[in-house]
Each structure stands twice: as structure tokens, then as C-alpha cells.
Amino acid sequence: MKLISFKHLVIGVCMFAAAGMALALKPTAKMADAGPRIDLETLIPKTFGDWKIDETITPLIANPEQEALINKIYNQTLTRTYVNSRNERIMLSIAYGGDQSRALQIHLPEVCYVAQGFDMLDSRDDILDTGHGMVPVKRLVAKQNARNEPITYWITVGDKAIKSGIEQKMQRFAYGLSGKIPDGMLVRVSTIGPDAASAYQVQDRFIKDMLAVVGGRDRIRLMGAATAERTAAR
């Protein structure tokens with residue numbers, strides 16, 4: 001019988017150790033199970049400041065494929081249209097997922113809109129001063145036929161508001177090393193109109209008004225604890 005060489009023995013031991021380490025580092029503890037349960041329906045008031053829900057507007061409905069994906073990724077979603085005394089309308093969409101593992105990570109609007117037949121005319125990073133902290137946001141302009149829709153959104157992974165892309169992966173990886181599966185949230189506002197610059201001003205005002213009326217803990221859930229802590233430290 002042929003003996004196993006020392007070289008092959010070492011390789012086998014290393015492979016076994018690597019497999020064991022991967023299993024040991026696999027995150028198992030969901031952050032969503034550690035704190036109070038979030039309820040999007042009560043998190044955001046139906047009226048605040050100069051804004052109230054516009055019951056005459058029907059929100060954009062996702063196609064069946066997108067709807068199935070949304071239900072798989074998110075535990076809760078909230079979609080409303082608000083209007084103010086100036087007849088300015090804001091579409092608000094918030095999605096919360098208790099499991100931000102790789103397979104169930106937040107589905108970004110750039111992907112969602114294009115999948116529903118929109119053209120993405122613009123996409124850029126920005127920083128929004130909410131009055132309660134600086135939040136990294138994404139500004140988009142989506143267009144479908146005559147519908148021109150400027151969009152502002154941000155995402156949180158765990159306790160931090162982050163830019164999408166590499167920061168999203170790094171934050172998820174950092175939690176994974178500690179054995180935790182982070183939760184996540186996407187907050188998106190949009191308007192219909194040809195002037196993106198004016199639309200972003202209205203959206204920023206809406207976001208500031210919304211964050212001003214939610215409780216401190218709820219505001220942290222929306223913005224990320226790290227953002228709130230940096231603000232408090234200034």
C-alpha cells in the first residue's frame with residue numbers, strides 16, 4: 001500500500017483547518033433578534049409638519065417577479081405618497097430586511113427600476129445634512145416614457161448608513177467576522193417632474209421633516225447609530 005507523502009499530508013491538514021475556520025466564522029446570530037422589533041407602519045407618522053398621506057395616488061406596483069424577490073429579501077415594506085400645502089408630492093418607500101447575508105442583501109433601486117423598464121439617466125453619490133447627522137445618499141434619475149423620476153435613497157447595514165457597493169460588502173463582512181448577521185434598511189424618496197435639482201430640494205426638505213418627528217431610537221434605526229453618534233459628538 002502506497003504511503004501518503006508528507007507534502008500531501010500537510011495539504012490535507014491545511015484544507016481541513018481552513019474548512020473548520022470557515023465553519024467557525026460563519027455568522028449565526030441575527031442582530032434583528034437582539035433588539036426591539038421594528039414596525040414600519042407605525043415608525044413613520046401618517047401626518048407630520050406640512051405633509052400628509054395623499055390617498056388619491058396609487059404607488060407604483062412592482063411586476064410579479066420583482067414582487068416575489070421583494071418578499072424574499074425583506075421582512076417589511078412601507079410605501080406611501082405624501083402631499084403638502086404647495087401640492088408637492090413625495091413617494092416614500094422603506095424596506096427592512098432582518099437578514100443581510102449575501103443571498104438576501106438589499107435590492108438596490110438602480111436594479112429594481114431598470115428591471116421594471118426604466119432607463120437610468122443619472123446616478124451619483126451625495127451627502128445629505130438631515131439636521132440630525134450627515135447621511136451618504138444616492139441620487140438617481142429614472143425615466144420611462146414621459147415619466148421622469150428623480151430619486152434619493154440611502155441604505156443601512158447593521159448600525160451604519162453606508163454607500164452601496166463595496167462599503168455594503170465590507171460592512172457585511174465585518175459583522176460576519178464577529179459571528180453576526182446584520183439587518184438592513186433602504187429608505188427611498190422620489191418625485192415626478194423634469195427638474196431634478198428642484199426635486200432634490202423638495203425631497204431633502206421632506207426627509208428633514210420626517211426625521212424631525214420620529215423618536216430618537218427610531219431615528220437611529222433609519223439613519224444608523226454611527227451617524228447619530230458622530231452628530232452627538234460634534
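Helices (H or I, at least four residues) and strands (E, at least two) are themselves DSSP runs, numbered from the N terminus. With that settled, hello everyone, and let's look at strand β7.

A word on the source: this is a predicted model, where local features need pLDDT of at least 70, side-chain atom pairs count only at pLDDT 80 or more, and totals for chains, interfaces and linings use all residues. Residues are numbered from 1 along each chain as its sequence is written, and side-chain values use heavy atoms, with hydrogens and water left out.

How much of β7 is covered? Of its 11 residues, 8 are buried, where buried means under 20% relative accessible area, exposed means over 50%, and partly exposed is in between (1.4 Å probe, protein chains only).

Is Arg124 buried, exposed or partly exposed? Its relative accessibility is 35%, so Arg124 counts as partly exposed. Arg124 and Arg139 are 15 residues apart in sequence, yet their C-alpha atoms are 5.3 Å apart in space. Setting aside neighbours within four places in sequence, Arg124 is in contact (heavy atoms within 4.5 Å) with Val137, Lys138, Arg139 and Tyr200.

Two of those names come back together. The charged end of Arg139 sits over the ring of Tyr200, 4.9 Å from its centre. For a charge to sit over a ring, NZ of Lys or CZ of Arg must be within 6 Å of the ring centre and within 35 degrees of the ring normal.

On to the interior. A nonpolar core is a set of buried Ala, Val, Leu, Ile, Met, Phe, Trp, Tyr and Cys residues joined through side-chain atoms within 4.5 Å. The largest one has 29 residues, and Ile44, Leu92, Ile94, Phe206 and Leu222 touch the most other members. Several elements each supply at least two residues of this core, including β4, β5, β7 (134-144) and α7 (216-223). The largest share, 5 residues, comes from α6. As for Ile94, its contacts beyond four places in sequence include Leu40, Ile44, Met185 and Leu222. There is also a second, separate core of 13 residues, with Ala95, Leu140, Ile151 and Ile155 among them.

Next, the aromatics. Rings of Phe, Tyr and Trp (its six-membered ring) pair if their centres lie within 6.5 Å; planes under 30 degrees apart count as stacked, over 60 as edge-to-face and the rest as tilted. The whole structure has 5 aromatic pairs. In one of them, Phe48 and Tyr82 are tilted, 5.3 Å centre to centre with 55 degrees between the planes. Phe48 lies in strand β2 (residues 47-48) and Tyr82 in strand β4, so this pair ties together parts that are 34 residues apart in sequence. Tyr82 also pairs with Phe206: the centres are 5.3 Å apart and the planes at 55 degrees, so that pair is tilted. It links strand β4 to helix α6, with Tyr82 and Phe206 124 residues apart. Both Tyr82 and Phe206 are buried. Ring pairs link Phe48, Trp51, Tyr82 and Phe206 into a cluster.

Asn84, in the loop between β4 (76-83) and β5 (89-97), is in contact with Asp50, Trp51 and Arg205, leaving aside neighbours within four places in sequence. Asn84 is buried, with a relative accessible area of 9%. Its side chain makes a polar contact with the side chain of Glu88 (2.7 Å). By polar contact I mean a pair of N or O atoms within 3.5 Å; within protein, one must be able to donate a hydrogen and the other to accept it, and residues adjacent in sequence count only if both atoms are side-chain atoms. A polar atom of the Asn84 side chain also lies 3.0 Å from the backbone nitrogen of Arg86. Thanks, everyone!
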